[in-house]
Every structure is written in C-alpha cells, then in structure tokens.
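Keep the viewer open as you read.

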Amino acid sequence: MEPLAQGRQALEAGAWEQARASFEQALGQEETAEALEGLAVSARWLGDASRAIDAGERAFLLHRRRGDDEAAARVAALLSLEVLESRGDAAVASGWLARARDLLRDRPLSPWNAMVDGIEGGLAGMYERDLPRASRLLERAATGARQAGNLDGELLARAQLGLVLVGSGQVTDGMRLLDGAATGAVSGEIADPSSAVAVCCLLTMACLAVRDLERAAQWSRYAMDAAASRGGGTLFDYPRTDRAALLIWQGRWAEADKELRGVIAATGWSRPAALARLRLADLRRRQGRFAEADAALDELDGGARGGLAPLVSAVRAALALDRGDAGEAARQAEASLRLVPADDLVEQVDALEVLARARAAAGDAHAAHRAAAELVAIAGKLGTRALRAAAELAMGAAATASRDPEGARAAFERAGDLFGLADAPLEAAAARLELARALVDTDQPEAAAREATAALAGFRALGAAHQAQRAERLLAEVDPAARGRPDLRLTPREVEVLRLVGQGRSNDEIASGLFLSVRTVERHVANIYAKIGATGRTARATASAFAHRNGII
C-alpha cells in the first residue's frame, strides 16, 4: 500500500503517530498538498501545533499554484481554526477566514462556505462574545451543511448554536439543539472523531455554564469515552478540562488537580490549556492557596487570548473577596461585567455573584441589592438549582447589609438547601456559615453553633483550610466551649466514646460496652477533651453538653 493511502487509513483509525510517519514518508517521495494536509491533521492530534500550521500553509500554497481555489479555501479555514485553538491569535484566524471567503466568493454553492460560516460563528461566539452575529453565522452554517449532505458539519453547527442560545438565556431551545447533536455523536452518526468529541464537549460546557451539574457529569463521561475510543491525543484536552471543572464543583479536588495539570503539561499555549490554568486558579483559590492562584492567573497574559478576559477578572474578583478585600473584589467584578455584552447572561453570573457579596461586605446595601436582583433575574431564566442557590446567597448578603437578619437567615437557609441538592459541597458549607452568622444576629446562639460546626466539618472534609479558619473563629464566638479548641476532627472511635459520655456512662461502663480496656477509654476521653477544649472539674459536663449540642447523641 502506498504511504499516502497508509496515512489516510491510520487517520481513520486514530493512529496518529503511524499516520504522521506515513505522510512524512509520502512527502519524502513527493511534496503533495494531500500529504501535507494529512501531516497537518496528524500533527494537530499529536499536539504539534507548529508542525500542523507549517504543513497547512504549504498545502494552501500548493492548492493555489494548481488553481484549486476550493481546496485552498478549505485549508485556509482549517488553518484559522488551528491558529485560534493553538495560539489564541484571533486576528490571524480572522485573516485566514477572510482569505477563504475571498477564494469562495464566486462559488456560492461550494460546500466549504458552510465550514467557513461555522468557524467564523465559533469565533464570534466564544472569542468575541457577539452572540447575535454568532447565531446568524451558525444558522447559516447548519443550513449550508445540511444542503451539502454534510451531517457532521450540520450537527456541529447546531451544537455551537445551542451553546450560543444557552448563553443568551434561551436555555430550552439551546439545550434542544445540543441534545439532538450530542445524540448524533454518541450514536455514531458523526463520522469525524474531532467533531463527535466537540459536540459532547459543547453540551458539557453549556451544562457547566448554567450549573446543571448532574447533566454535565453525564455528558462529560460521554466526551471522555468518545475521545478515548477515537484515538485520544489532543482530543482529550477539552474533555479533561471540562471534567476538572465539574470535579471542582463536586469537591473532588485531588482528581481535578490531576486532570488540570495533565492538560497544562501536555501542551504549550492552547485554549484548553488556558482554560485549564483558569480552572486551576479557581481551585487554588478554593483551597486557600492564594499565591498559587495569582500565579496561574498571571500566566494567562491578562486573559485576552482565547476570549477569557471576563472570566479571568471574575476569578480575580472572587480571590480578592476571599482575601477580605471587598473594594478590589468589586473593582474586578465590575471590570469583568464591562467586558460582557448585556445579552450574554451566562457570562455575567460569576461576576454578579461576587459583586453582590463584595458590595454587601463594604456596607453598600443598595449596590448589593442591585447586583443580587440582576443575578436573581438570570437565575430565573436559567433555572438550575446551583444558580438559584447563588442568587439566594447574594440576596442573603444584601439583606445582611440592609440590617435585615431575618431576611438574610431565610435566604441563606434556601441557598444551603439548594447547594446541597446540587452536589456543590463547598458552596453548601459556605451558605451554612453565612446562615450561622445570621442566626447570631437573630439571637439564636445554639442554632448558630450547630450551623457553624456543620460548616466547619464541610470545609475540613474538602481541605478548604482558609474557609475552615473562618468557621472556627465564628464557632469560638458563639460556643464558649470551642474557644481555643485546636482541632475538632474526632475519630470514629472518639465519636462513639463521646456519645456514651453524653449519655452519662462512666469510663468503666464505656469500656465494657465497647469491649475496650479502661485505660484505652481514658486515653480516648483525654483526646476528646483536648479537641473540644474541655478542662478542669467541669470537663465531663462540657463534653456531654458538646455531644448534645452537636447532634452526636
């Protein structure tokens, strides 16, 4: 079999190394546009962007020299996509698209017009955030692909259009398009592996954008499986980044860290790698590793490449708020919102959430209510539990700033319940901590201690040390027995012993009931006393009260 045919067969099988070797062998015999295009594709999936771009540029010139303008236009369109994804150079990508359109100007029936429309629509939607223009281009791309009998192109354009619609708040219509396209991907109707994976990733991205975490988990698995079954390589970059975002929400931080560092290490600058750095910055923020979060954000060159500037500012805003700098948090949140068009609802969510809390922390109740109200309106359109919970959290912060502790208490209660149902443990714990503060303000110290203890347990389970310290400080304020307590992490055996202490059992009785020696029980009791700060002649009574107050009995 000729090397060119071998290369094409290897591409179909997802054997990227073998494909590259075959195309290089073919080019050693004769430099043809076909072999160069094959080399560009195989290099792309192996993460060698420079080689892919060089081969594509050479193929473009050969097509032009032999007068095949349609083929040259196709290569120009693919080059624009490669430059966009691997380097984030939107201006260069636009140049290649303009060249493709010039070459197709006298060929209105060419099937490659749909490809150009689709790529330009993706550029308008994901990089420029011009959703109306993106919608027009993607609708035209889907229609053109259907007329040309290109099912892969049609479904990919429909999936991109669905993401744009979701971003503008048309969730039902957008998800309908995404679901239909993704079904085509997982059923095998989409032949091209990159298109199949891209469709699944677009649906996962839409679910993450509206914080529909359950659906995101399902489609994230499909995207990972599709990438694995169709050759892997750089096909994994977007699925791994999306999966990491989901894992961060779920509190599975070690797994998320592994995925993100894997994407960053595997490539130079690429849009997936840039997204991975952004996710890593958010993860480090949640972990209280603020300097590392700063470093990850600094590596994004201000976020301009890849259309990520609004998201970078939003993460910086959240980071400033966690550090206690409400003024800087508000400034960064407002900077993020200025970069987002008014019709791009989803992109406003993170910044509005921080802005409401930052303004409340600064005592500006009016501004806090205004930002919270905008978030409530968006959550009403998008409708997911996690978004409604974020809106409730913002409303609770605004109510606190307005000195309405009862309103704050009710909002924080709803936020905690909704975050719990949405499987967002860090946010659920944060809502419970805010609820504890509101309960203090409504003169309910026992209930406040209970909520603060639950929040502390949640933070510690996640390894959120910074948040745990805040919970400890509040707990020390409302629970005298907690003051100076160095560690509340009771072992399962200590919990058993404490439960029996709370029931009034003596050490001898506990030893008999648990089949332990009295000396072992005494050691457990001493450890419990140290952890809950119980001392002196009242230590036993303090431990018993602690067990009752914290639901151990």
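**Loops, rings and cores**

R129 is buried, with a relative accessible area of 16%; here, buried means under 20%, exposed means over 50% and partly exposed is anything in between, using a 1.4 Å probe and protein chains only. You'll find R129 in the loop between α7 (112–127) and α8 (131–147). Helices here are DSSP runs of H or I with at least four residues, strands are E runs of at least two, and both are numbered from the N terminus. Before going on, some ground rules: this is a predicted model, where local features need pLDDT of at least 70 and side-chain atom pairs count only at pLDDT 80 or more, while totals for chains, interfaces and linings use all residues. Residues are numbered from 1 along each chain as its sequence is written, and side-chain values use heavy atoms, with hydrogens and water left out.

Back to the backbone. Most residues other than glycine have a negative phi. R129, though, has a positive phi near 55°. D423 is another non-glycine residue with a positive phi, about 60°. D423 sits in the loop between α22 (405–421) and α23 (425–441), and at 40% relative accessibility it counts as partly exposed.

Follow the chain past α23 and you reach T442, in the loop between α23 and α24 (445–462). The side chains of T442 and Q444 are joined by a polar contact of 2.9 Å. That term means a pair of N or O atoms within 3.5 Å; within protein, one must be able to donate a hydrogen and the other to accept it, and residues adjacent in sequence count only if both atoms are side-chain atoms. Leaving out residues up to four places away in sequence, T442 touches P405 and E406, where contact means heavy atoms within 4.5 Å.

Now for the rings. Rings of Phe, Tyr and Trp (its six-membered ring) pair if their centres lie within 6.5 Å; planes under 30 degrees apart are stacked, over 60 edge-to-face, and the rest tilted. By this rule there are three aromatic pairs. One of them, W16 with W45, is tilted, at 5.7 Å centre to centre and 40° between the planes. Because W16 lies in helix α2 (residues 16–29) and W45 in helix α3 (residues 33–45), the pair ties together parts that are 29 residues apart in sequence. W16 is buried at 6% relative accessible area, and W45 is buried at 13%.

What kind of pair do F60 and W96 make? Their ring centres are 5.2 Å apart and their planes are at 85°, so the pair is edge-to-face. F60 belongs to helix α4 (residues 49–65) and W96 to helix α6 (residues 90–104), so this pair links parts 36 residues apart in sequence. F60 is buried at 8%, and W96 also counts as buried, at 16%.

Two arginines also use rings. R74 lies over the face of W112, 5.3 Å from the ring centre, and R286 lies over the face of W249, also at 5.3 Å. The test is NZ of Lys or CZ of Arg within 6 Å of the ring centre and within 35 degrees of the ring normal.

Finally, the interior. A nonpolar core is a set of buried Ala, Val, Leu, Ile, Met, Phe, Trp, Tyr and Cys residues joined through side-chain atoms within 4.5 Å. The largest one has 156 residues, and M175, L178, V210, L297, F419 and F459 touch the most other members. Helix α11 (residues 193–209) supplies the largest share of this core, 11 residues.
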